[in-house]
Amino acid sequence: MQLARAVRNRTTGVLYVLDEPSIGLHPSNIVGLTGVMHDLVADGNSVILVDHDTQILSEADWLIEMGPQAGAGGGQVIAQGSIPAIEANAASRIGPFLAGKAQCLRPQAPQSELFALGRIQLSTNAIHTVKPLDIEIPKGRLTVVTGVSGSGKTTLVLESLVPGLNAAIHGQKLPEHVRSIVPDGITQVKLIDAAPIGINVRSTVATYANVHDELRKKFAATPDARQAGYKAGDFSYNTGKLRCPVCDGTGSISLDVQFLPDVEIPCPECRGSRYAKEAGQIFYTSKSGTRYSLPQLMDMDVNTALTACADWPVVRQRLTVLQELGLGYLTLGEETPGLSGGEAQRVKLATELSRRATGRTVYILDEPTTGLHADDVRKLLEVLQRLTDGGNTVLVIEHNLDVIKCADYIIDLGPEGGVGGGTVVACGTPEEIAACPASYTGQYLKKYLK
């Protein structure tokens with residue numbers, strides 16, 4: 001809306017900065033967005049864009065790439081230049097994707113076996129702008145729901161399928177607009193969205209990923225802890241004896257500034273570690289001979305902590321999943337309410353992967369590629385494959401063509417947004433969607449499958 005107003009006002013000499021405008025946009029919507037940006041430039045303005053989507057990056061006159069890693073391993077300009085120059089630059093991480101040399105792949109189920117494990121059936125009446133629908137979702141597969149913005153994807157999945165399945169599983173009344181649903185043996189539905197994790201600073205990456213409890217047990221078993229009489233509970237920064245007495249284990253204190261809002265600053269006693277000085281005197285000595293305290297571990301990022309926790313299989317396995325999802329730069333003590341939506345979604349996904357698969361779960365992910373580099377999208381697909389390998393059903397609402405082309409099954413809604421959408425334009429394998437002339441998704445998928 002802001003861009004539309006800017007173009008309408010015919011500004012000139014203005015610098016426009018756009019932060020990931022491709023989020024939530026179908027490839028056909030991105031064409032419109034890039035057209036608007038070209039109009040702004042033609043009027044004498046400058047446009048700086050922060051984005052990951054290769055479709056929109058390929059339109060740039062000049063690209064500046066940061067990296068090479070995230071967090072402490074990044075912060076440098078690793079490549080800059082025109083798109084052809086970036087594609088030819090060996091140091092570039094995005095260049096191979098722009099050039100079409102790098103691809104995101106996963107083993108897809110043969111078309112003849114798509115429904116071999118069963119099917120979830122959903123039938124709905126009209127709701128909002130979505131017309132009456134009859135949907136079948138193959139069990140144990142990766143299904144992607146696509147369509148232009150406003151075509152009814154959220155209504156179908158989050159307002160119909162999720163509450164309908166939950167009602168059927170628990171023997172409750174179906175939502176009024178859901179005519180019928182057949183769960184076919186599904187026993188639970190897990191929505192992995194981008195909503196913030198936790199409501200206070202006591203929730204950290206380590207606590208949410210079920211790592212902190214394991215670490216407390218390990219440190220309670222050290223000779224230092226036994227000599228001092230400490231138990232696992234004492235290492236809790238919520239209620240334990242070893243939490244910082246000044247900030248009560250929150251890592252920060254609030255300053256009451258008269259006539260102004262309160263100011264949060266790092267605790268001057270523990271400097272944000274959440275622990276009292278005594279906790280820093282309890283050490284674990286690894287097999288390699290290196291000594292660590294728990295406050296030191298909590299200050300490490302996941303990549304570093306993996307080396308420090310090499311002796312502990314359970315901790316290592318849970319941290320490895322975070323690393324595989326591209327979250328190796330997060331520190332164990334990082335507050336989860338401060339994570340971005342995409343980071344929160346991947347931390348939730350990592351937590352689910354650490355649990356034993358039942359094969360009777362439906363995982364729902366709403367645009368999990370939000371804020372992800374193309375290389376991280378490849379890692380995400382590997383993780384989704386692990387969920388389906390366990391017999392689970394994965395349903396993803398997505399616009400990213402790398403994910404769409406790797407789906408076992410696609411449900412394409414549209415053809416337009418709003419009142420012009422709300423119907424199933426096509427459903428089937430990526431090749432079948434690409435062959436459907438009425439599908440906007442198919443038009444872009446066709447180019448991508450070549």
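Predicted model: local features only at pLDDT ≥ 70, side-chain atom pairs only at ≥ 80, totals over all residues.
## Pockets, cavities and a helix pair

The residues lining the largest cavity divide into 9 nonpolar, no polar and no charged.

**The largest cavity**

- How many cavities of 30 Å³ or more are there? The count comes to 3.
- The largest cavity has a volume of about 40 Å³.

**The largest pocket**

- Now turn to the largest pocket, which holds about 1,600 Å³ of space.
- Its lining is made up of 48 residues, and Val50, Asp51, His52, Ile64 and Met66 are the ones that lie nearest its centre.
- Several elements each supply at least two residues of this lining: the helices α2 (27–42), α3 (54–57), α13 (341–353) and α14 (374–389), along with the strands β2 (46–50) and β3 (63–67).
- The largest share of the lining of the largest pocket, 5 residues, belongs to β3.
- By class, the lining of the largest pocket has 19 nonpolar, 17 polar and 12 charged residues.

**The second largest pocket**

- The second largest pocket has a volume of about 850 Å³.
- Which residues are closest to its centre? Out of 43 lining residues, they are Thr54, Asn400, Leu401, Asp402 and Tyr448.
- At least two lining residues of the second largest pocket come from each of α2, α3, α5 (95–98), α14, α15 (401–404) and α17 (440–448).
- Here α17 provides the largest share, with 3 residues.
- Sorted by class, the lining of the second largest pocket contains 17 nonpolar, 15 polar and 11 charged residues.

**A pair of helices: α1 and α2**

- Two packed helices are described by the angle between their axes and the distance between the axes.
- For α1 (residues 2–9) and α2, the axes come within 10 Å and cross at roughly 35°.
- Is the crossing of α1 and α2 left-handed or right-handed? α1 passes α2 in a left-handed crossing.
- On the α1 side, the residues in contact are Leu3, Ala6 and Val7, and on the α2 side they are Leu33, Val36 and Leu40.
- This contact between α1 and α2 has 6 nonpolar residues, with no polar and no charged ones.

**One glycine in a loop: Gly280**

- You can find Gly280 in the loop that runs between β11 (263–266) and β12 (283–285).
- Is Gly280 buried, partly exposed or exposed? Its relative accessibility is 29%, so Gly280 counts as partly exposed, a class that lies between buried, under 20%, and exposed, over 50%.
- Leaving aside residues up to four places away in sequence, Gly280 touches Ser293 and Pro295.
- Val246 is 34 residues from Gly280 along the chain, and the C-alpha atoms of Val246 and Gly280 are separated by 16 Å.

How values were computed: Residues numbered from 1 in each chain as written. Heavy atoms only, no water. 1 Å grid on protein atoms, 1.4 Å probe; cavity = no way out; pocket = protein on both sides within 12 Å on 5 of 7 lines; lining within 4 Å. Points joined across faces, edges and corners; volume = space filled by probe spheres on them. Helix = DSSP H or I, 4+ residues; strand = E, 2+ residues; numbered from the N terminus. Nonpolar A, V, L, I, M, F, W, Y, C, P; charged D, E, K, R; others polar. Axes fitted to C-alpha atoms, helices over the stretch in contact; angles between N-to-C directions. Left-handed = near helix turned anticlockwise from the far one by under 90°. Contact = heavy atoms within 4.5 Å. Buried < 20%, exposed > 50% of the residue type's maximum accessible area, 1.4 Å probe, protein only.
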